[in-house]
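Dear colleague,

I am handing over the structure below, and after it you will find what I found in it. Please read the notes alongside the coordinates.

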Amino acid sequence: MKIEIIVEGETATATLFDTPTGRDFASLLPLSLTLEDYADIERISDLPRRLSTTQAADGMTPEAGDITYYAPWGNLAIFARGRAYARSLIPLGKVDSGLPVLQRHGPLAVQIRVAN
């Protein structure tokens with residue numbers, strides 16, 4: 001599924017993965033969130049509810065542009081830069097274009113919606 005992440009009138013596009021967690025995230029759209037900086041490498045936000053972790057990997061090594069779900073906290077995390085392997089980090093999708101708009105320091109008011 002293609003999505004748009006709109007920040008201050010600029011749009012990043014992304015693809016959500018066809019996984020139980022990715023589909024559960026898609027069911028929440030459209031969303032209005034505030035992304036906060038976390039450790040200077042992630043932009044994070046609480047979600048309205050926890051997502052399914054059925055069939056999810058134990059963790060992953062995120063790269064810049066990865067859209068993820070951190071199961072212990074129940075939050076969305078979009079990576080501005082890569083980092084080492086993290087347990088309980090579940091991939092949701094990947095930014096296809098416009099990553100620089102999400103690499104700005106927050107807080108960032110964003111809208112996430114299904115692309116037309």
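Strands, as the word is used here, are DSSP runs of E with at least two residues, numbered from the N terminus. The model is a predicted one, and in it Asn-75 has its place in strand β7, which covers residues 75-79. With a relative accessibility of 3%, Asn-75 counts as buried, because buried means under 20% relative accessible area. Once neighbours within four places in sequence are set aside, Asn-75 is in contact with Ile-44, Ser-45, Asp-46, Leu-47, Thr-68, Tyr-69 and Tyr-70.

As for the overall fold, the protein has 2 helices and 10 strands, and from the N terminus on its elements follow the order β-β-α-β-β-β-β-β-β-β-α-β. Its radius of gyration is 13 Å, close to the 13 Å that the globule rule gives for 116 residues, so the protein is as compact as a globular protein of that length. Along the principal axes, the C-alpha trace spans about 35 × 30 × 25 Å. Of the 116 residues, 47% count as buried, and the accessible surface comes to about 5800 Å², with 50% of it belonging to carbon and sulfur atoms. Among the contacts with a separation of 6 or more, 65% are accounted for by residues 24 or more positions apart.

Two strand pairings involve β9. Strand β2 (residues 10-16) pairs with strand β9 (residues 89-97) in the antiparallel sense over 4 bridges, and here Thr-15 has Lys-94 in β9 as its bridge partner. Strands β6 and β9 also run antiparallel and are joined by 5 bridges, while Ile-67 stands opposite Gly-93 in β9.

Turning to the interior, in soluble globular proteins nonpolar side chains tend to be buried together. In this model the largest nonpolar core has 29 residues, and those with the most contacts inside it are Ile-5, Phe-25, Ile-67, Leu-76, Leu-102 and Ile-112. Apart from that core lies another, of 7 residues, among them Ile-41, Ile-44, Ala-86 and Leu-89. If residues up to four places away in sequence are not counted, Leu-76 touches Phe-25, Leu-33, Leu-35, Arg-43, Ile-44, Ser-45, Leu-47, Ile-67, Thr-68, Leu-92 and Ile-112.

The aromatic rings deserve a separate paragraph. A pair of aromatic rings is described by the distance of the centres and the angle of the planes. The count in this model comes to 2 aromatic pairs. Tyr-38 and Trp-73 form an edge-to-face pair, at 5.5 Å centre to centre and with 90° between the planes. That pair links distant parts of the chain, since Tyr-38 belongs to strand β3 (residues 31-38) and Trp-73 to the loop between β6 (66-70) and β7, 35 residues apart. The rings of Tyr-70 and Trp-73 have their centres 5.3 Å apart and their planes at 90°, so this pair, too, is edge-to-face. Through these ring pairs Tyr-38, Tyr-70 and Trp-73 are linked into a cluster.

With best regards

How values were computed:
Residues are numbered from 1 along each chain as its sequence is written. This is a predicted model: local features need pLDDT of at least 70, side-chain atom pairs count only at pLDDT 80 or more; totals for chains, interfaces and linings use all residues. Side-chain values use heavy atoms; hydrogens and water are left out. Buried means under 20% relative accessible area, exposed over 50%, partly exposed in between (1.4 Å probe, protein chains only). Contact means heavy atoms within 4.5 Å. A nonpolar core is a set of buried Ala, Val, Leu, Ile, Met, Phe, Trp, Tyr and Cys residues joined through side-chain atoms within 4.5 Å. Rings of Phe, Tyr and Trp (its six-membered ring) pair if their centres lie within 6.5 Å; planes under 30 degrees apart count as stacked, over 60 as edge-to-face and the rest as tilted. The radius of gyration is taken over C-alpha atoms; the globule rule is 2.2 Å times the number of residues to the power 0.38. Accessible areas come from the Shrake-Rupley method with a 1.4 Å probe; for residues, only the protein chains shown count as cover. Two strands pair if DSSP finds at least two bridges between them.
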